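Hi,

Here is the structure I promised to hand over. Please have a look at it first, and then read my notes below.

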Amino acid sequence: MTNRWAEWLRRNGTTRFDMARKAGWDAFVNAAPREPLERLDRRQIAALDEEELEDYNEARIVWNANLPTVQTPQLLAAYAVFEQVLASGRRDGDRQRGSVVVSADAGRGKSTTAQQFGRDLHRRICRREGALTAEGHQRWPVAFIPLSAGMTLKGLNQKILEFYGHPAAARSSTSSLGSFAVDCVLSCQTRLIVLDELHFIDFRHRHGIEVSNHLKWLANEMPVTFMYVGINLAERGFFDDGLAGEQAIYAQTSRRATRCTLSAFSLDSDASHAMWIKTLRALEGGIVLAEARPGMLTDHAREIFRRTQGNIGSLTNLIDGACLLAITKGAETIDADILAAVVMDNAATRSAAR
Ligand SMILES: Nc1ncnc2c1ncn2[C@@H]1O[C@H](COP(=O)(O)OP(=O)(O)O)[C@@H](O)[C@H]1O
Ligand SMILES: [Mg+2]
């Protein structure tokens, strides 16, 4: 038997976008926000039959695990850097664009920030300039390419071609993969290429150096702004130009990179404390529980900070776990007991114990 919660789930379930492919990126870019999920009170929940309750709870779990992205100060500051770097890409006749490097610890919202920005830019350009280029190619302003472990030169080119759905992606032995990639980017008039999970490249290893040199070659061949995203890239030797080649263009590419980080929240000053509270309040307002109330998170601001060290990824994990427990244990709100019962990720637990 179907019910409206099952139907809500069918329309709003955990859509997993395969962002490494054009179709998945397109779905992400053009997805409508989730339909709001109705908050039932205890009495209304008690009146649900077994299947309805099962589906309503599942719908709430999906909803609470996907709270809207908060315009945190970190995200807004990163946006400002991105805009600035892209602005310099509008200079006439200047073929080589600047690039931006987003480097920070895990769970700081690097991928989220890059994806949201990419999505907004992609939509904006398609709206203004139309779906097709003057030559009749599909316009594709933003490419999002997540790398994977053990990335080689060939693997990188294949990833780019896979994103564009280029048939040569699967062809194994070809030295022209790189120029195919350049063709895709030029014909689709791509403006921004986001390379995520760059920490998978070991820039001190032979393969990594090869990839790094190739990135610089690509940046030189394509009138595109690159966004390099990864965990602590400086420490991984991403900027060590000496390794990457003698040629002047290489050094120049590196000099054109603008660095950007996403810091954790802190409670060091009144201003930063206020930002933490504001972020908790924004998330709190979206949570669907029968007895959700304003202050449900902000009343525990210090404890939540201790548990997460102000890391947005640990925070959304904590909220996720707390909402789930609030539903399964019947508390229907988040309180100190529920927070204490949530099992945290490893890094956050170790730091909280210090
Ligand atoms: N501005 C934000 N608002 C709400 N949630 C966020 C925000 N930034 C990150 N998150 C959440 O934090 C988690 C980690 O973010 P992610 O972008 O994957 O971090 P990173 O790429 O730095 O490891 C994700 O679940 C994401 O939904
Ligand atoms: Mg990431």
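**Strand 3 and its surroundings**

T225 in strand 4 is the bridge partner of L192. From strand 3 the chain crosses through helix 9 (residues 206–221) to strand 4, and this β-α-β crossover is right-handed; the term applies if, with the strands pointing away from the viewer, the path from the first strand over the helix to the second runs clockwise. Helices (H or I, at least four residues) and strands (E, at least two) are DSSP runs, numbered from the N terminus.

Before going on, some conventions. This is a predicted model, in which local features need pLDDT of at least 70 and side-chain atom pairs count only at pLDDT 80 or more, while totals for chains, interfaces and linings use all residues. Residues are numbered from 1 along each chain as its sequence is written, chains are lettered from A and ligands numbered from 1 in the order in which they are written, and side-chain values use heavy atoms, with hydrogens and water left out.

**The cores**

L195 and M227 have the most contacts inside the largest nonpolar core, which has 61 residues. Such a core is a set of buried Ala, Val, Leu, Ile, Met, Phe, Trp, Tyr and Cys residues joined through side-chain atoms within 4.5 Å. Helix 5 (residues 73–88) gives the most to this core, with six residues. Another core, of 42 residues, lies apart from it and includes W8, L289, L315 and I319.

**Helix 1**

In helix 1 (residues 4–12), the buried residues are W5, A6, W8, L9 and N12. Seen down the helix axis, they fall within an arc of 155 degrees, so they line one face of helix 1 (the arc is that of the directions from the axis to the C-beta atoms). These buried residues pack against helix 4 (50–65), with contact meaning heavy atoms within 4.5 Å. The face turned away from the buried side of helix 1 carries the exposed residues R10 and R11.

Best wishes

Methods:
Pairing = 2+ DSSP bridges. Buried < 20%, exposed > 50% of the residue type's maximum accessible area, 1.4 Å probe, protein only.
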